[in-house]
Amino acid sequence: MDKVITNIPWSKEEADETYHISRWGDGYFDINDQGHLCVLPNQDENGPRIDIAEVLEEMKAQNIPFPIVVRFHDILRSQVKVLNETFRDVIAEANYGGQYNGVYPIKVNQMREVVEEILDAGAPYDYGLEAGSKPELLSVLAFNDNLNALTVLNGYKDEDYLRLALLGNKLGRKVIVVIEKFSELHKILKLSRELNVEPLIGLRAKMAIKGSGKWSDSGGEKAKFGLTIAEMLTAVQILKDEGSLNSLKLFHFHVGSQVTDIRTIKEVVREGARIFTKLVQLGAPLEYFDVGGGLGVDYDGSQSTSDSSMNYKLHDYASDIVYILKEICDAEKVPHPNIVSESGRAITARHSCVITNVIDKIETSFTDYATEKMTGEHSLVSNMRELLETINIENAQEVYNDALDFKKECLNAFRLGILKLEERATLETLFWKITKRISALLPEMEFIPDNLYDIDQGIAPQYLCNFSIFQSAPDLWAIGQLLPIVPITKLNIKPHNNGTLVDITCDSDGKINKFIDINETKNLLPLHELTPNEDYYIGLFMTGAYQDVMGDLHNLFGRLNEVHVFCDDEDPTDFYIEEVIKGSSAESVLSAMQYNPEAMAYTMKKNIDRQIASGKINPREGVRLVDFYEECLKSYTYLKN
Ligand SMILES: *Cc1c(COP(=O)(O)O)cnc(C)c1O
C-alpha cells in the first residue's frame, strides 16, 4: 500500500496561495495560528477575530446538525456602511450637487433578519428598499417606515400592486412606482385619482447598451423591461396632459446583475445621463437617477472580467457614476440629481456561508485488491504487472499508453470469456496503481506530456459532502457560477489529495468540479486526508446573494439550519450566537409537496399493527418501529452524522 503522509506542516502563505482567501476575502477572512479559517468582522487584522471552528463547536454543543448556514451579521452591516460611505466620499470629493439614496433590492436575500439588519445598519444613511413583486412589496411596506428613505418598486404590476404602492404614499412614504410597461402609467394615474393621493413615478429606460457577463440580457433593446425613448417621450406628454408631471421623480435603468467590466458601467451611465438630462430639459422634474443593480462581487478573486469576477472596485464604480453624471449634467446645464443604486449582490453575498461535513471519501481507483502473481494467470495480467514495475520519469508517457491498451484488451478478452473475473479485478487494480504512480511523478517532470495532463482527474477522490447543491448553491449547478470553497480547519497542514466534491442528492449533476484559481479555474481542490473520529468541514463562501433564497427541494432536501453570529469584542471568543433557526424537517418538506405526514404515520402504524396481529412482529418491536418512523418524519432532512 502507498504510504499516506498526512501531517506535513503548511504555512499560512501556502494555504492562502492554494485557496486564494486574501484575494476573494476582501479583508473579512483570514487563517489563524491553529490553521482555522476565521472572520475579521471589521476588515481589521488587529481587530476581533471569529474562529469559524469555534462557531461549529458551539453548534455541536447545542446539537444543531450539519449542514448549516452561518450568517455573519457584522459583515452585512459593514457592507451597507461601506457602500453608503463610499458614495458619500466620492460625492463630497467631486463637489457633486446631489446625494446618494441607495435601496436594497430584497429579491437578493429576502430573509427577514437580513432585511432588518440592512435597514438598521442603513438608517444613518436613509438607506431604503426595492421590491420587484407584490409579495416583496408587502414586506417592504411593513419594514421600511423611514419617511426619508426611498422605496423603489420594479417588476410587472397589477392593480393591487399599484394600490399597495399608493397606500405607502398615503402613509407619507417615498414610494416610487417605476413604470416598466406603458399600460402601467394609465393604471397608476387612474388609481391615484380614485384614492386621492399623489403618486411618485419613475420611468425605466430600455438602454441600447447591454451589460457584460452572465446577466447581460437584462439590458439592451430586447430586454424584458423598460420603455423605449419614444415611449418615454410619450409618457412625459401624457403626464403633462393629465397635469401630473410633478409626480415624475425618478429615471431608472438596470443592465443586469454581476457586471464584470467597468466599461459597461461607464457606457451605460453616459447613455443614461444623456437621456436623463434631455428629459429634464423637456420639463420632466426628475430628482433621482437610479442606476439599478449590477455592482459585482469578485467571487474568484481574480479581478478579471471572467463571469465570477469583476475588473473594478466599489470606489471605481461610485466614481464613474458620480463623475460622468456630473460632467454630462454640467454640459447640459441640468442640476445634479440624487443618485440611487439598487445594489443587492454586493451587499449580501459575503455575509453568509454554507458549512458541510464530509461524510466519506469515495476513491474511483480501488487499489487494495491483491495483485500478486498467480500461477497460470493470463499474459495480459503479467504484462500489466511488468509495466507497473518499470515506471520512471522518462518512460511514464509510454507506460501509460501501453497500460491503456492493455486495459482495452482486457475488456475484450473478458467479453470473449477468456479472462476470469478475478483476473479482470487484478488487471484493473494494477492499472490504477500505474496511474497513481505516474501521477505522483508529475511534479518532478519538467514537461508534462499531453496524455498525462488530466491523469489526476481520473484517479481523484470524490469527497461526499452532507448537503445539496440544488438547495444551497443553485447557481453553481445552473450557470456555472464559481464560489470560493475552503476547508474550515487543518489549514496549517498540507492537503494530501486533490479531489472533487459530490453532494448527497441522487443527481449526477450534484457535484463540484470547478474551483477558483488565478488563471481560469481548476478541476480539483486540494483537500486533507480524512481521519477516523475527526470531523472535516468544508465551507462554501459568498452564498448570501441569491443562493440562500433560491434553493429548491431536489430529493426533498430542505432548508438548512442557520446560525446568526454577531461579533462581541468583550467575549473571549469575540462572538456570540444570537439566533439559531431550525431548518426544514422531513415533515415540513413533505407537507409542502401536498403529503399529509400525520396520515402517513397512521397508515404505517396500521400496517405494522397488522404484522403484530399476525405474529410476524412482536408488540414491543412494533411500537419501536412506529416511534422510529414518526421520529424520522420530525427530523432534519440531511444525513445524521
Ligand atoms: C435584480 C435586480 C437588482 C439587483 O441587482 P444586483 O446585481 O444583485 O445588485 C437591482 N435592480 C433590479 C431592477 C433588479 O432586477
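User: Which ring does Arg424 lie over, and at what distance from the ring centre?

Analyst: In this predicted model, Arg424 lies over the face of Phe414, at 4.8 Å from the centre of that ring.

User: And the charged end of Lys407, where does that sit?

Analyst: The charged end of Lys407 sits over the ring of Phe431, and the distance to the ring centre is 4.4 Å.

User: OK, rings on rings now. How many aromatic pairs are there in the whole structure?

Analyst: A search of the whole structure finds 21 aromatic pairs. One of them joins Phe470 and Trp477 in an edge-to-face arrangement, with 5.0 Å from centre to centre and 65 degrees between the planes.

User: Is Phe470 buried or exposed?

Analyst: Phe470 counts as buried because its relative accessibility is 2%, whereas Trp477, with a relative accessible area of 41%, is partly exposed.

User: What about Phe557 and Tyr638, how are those rings arranged?

Analyst: Phe557 and Tyr638 form a stacked pair, with 5.2 Å between the ring centres and 20 degrees between the planes. Phe557 lies in the loop between α19 (547-550) and β22 (561-567), while Tyr638 belongs to the segment after α22 (619-634), so the pair ties together parts that are 81 residues apart in sequence. Both Phe557 and Tyr638 are buried.

User: Which residues do ring pairs link into a cluster?

Analyst: Ring pairs link Phe87, Tyr100, Tyr312 and Tyr317 into a cluster.

User: Switching to the ligand: how many residues surround it, and which are closest?

Analyst: The ligand is surrounded by 16 residues, and the closest are Lys107, Ser257, Glu342, Gly344 and Tyr546.

User: What share of the ligand's exposed area does the protein bury?

Analyst: The protein buries 92% of the 390 Å² that the ligand exposes when taken alone.

User: Last topic, what does the domain assignment give for the chain?

Analyst: The domain assignment gives domain 1 as 1-72 + 349-361 + 460-583, domain 2 as 158-343, domain 3 as 379-448 and domain 4 as 588-634.

User: How far apart are the C-alpha centres of domain 2 and domain 3? What is the figure?

Analyst: The C-alpha centres of domain 2 and domain 3 lie 63 Å apart.

How values were computed: Residues are numbered from 1 along each chain as its sequence is written. This is a predicted model: local features need pLDDT of at least 70, side-chain atom pairs count only at pLDDT 80 or more; totals for chains, interfaces and linings use all residues. Side-chain values use heavy atoms; hydrogens and water are left out. Rings of Phe, Tyr and Trp (its six-membered ring) pair if their centres lie within 6.5 Å; planes under 30 degrees apart count as stacked, over 60 as edge-to-face and the rest as tilted. Buried means under 20% relative accessible area, exposed over 50%, partly exposed in between (1.4 Å probe, protein chains only). Helices (H or I, at least four residues) and strands (E, at least two) are DSSP runs, numbered from the N terminus. A charge sits over a ring if NZ of Lys or CZ of Arg is within 6 Å of the ring centre and within 35 degrees of the ring normal. Domain bounds come from an automatic or database domain assignment. A residue is near a molecule or strand if one of its heavy atoms lies within 4 Å of it. Accessible areas come from the Shrake-Rupley method with a 1.4 Å probe; for residues, only the protein chains shown count as cover.
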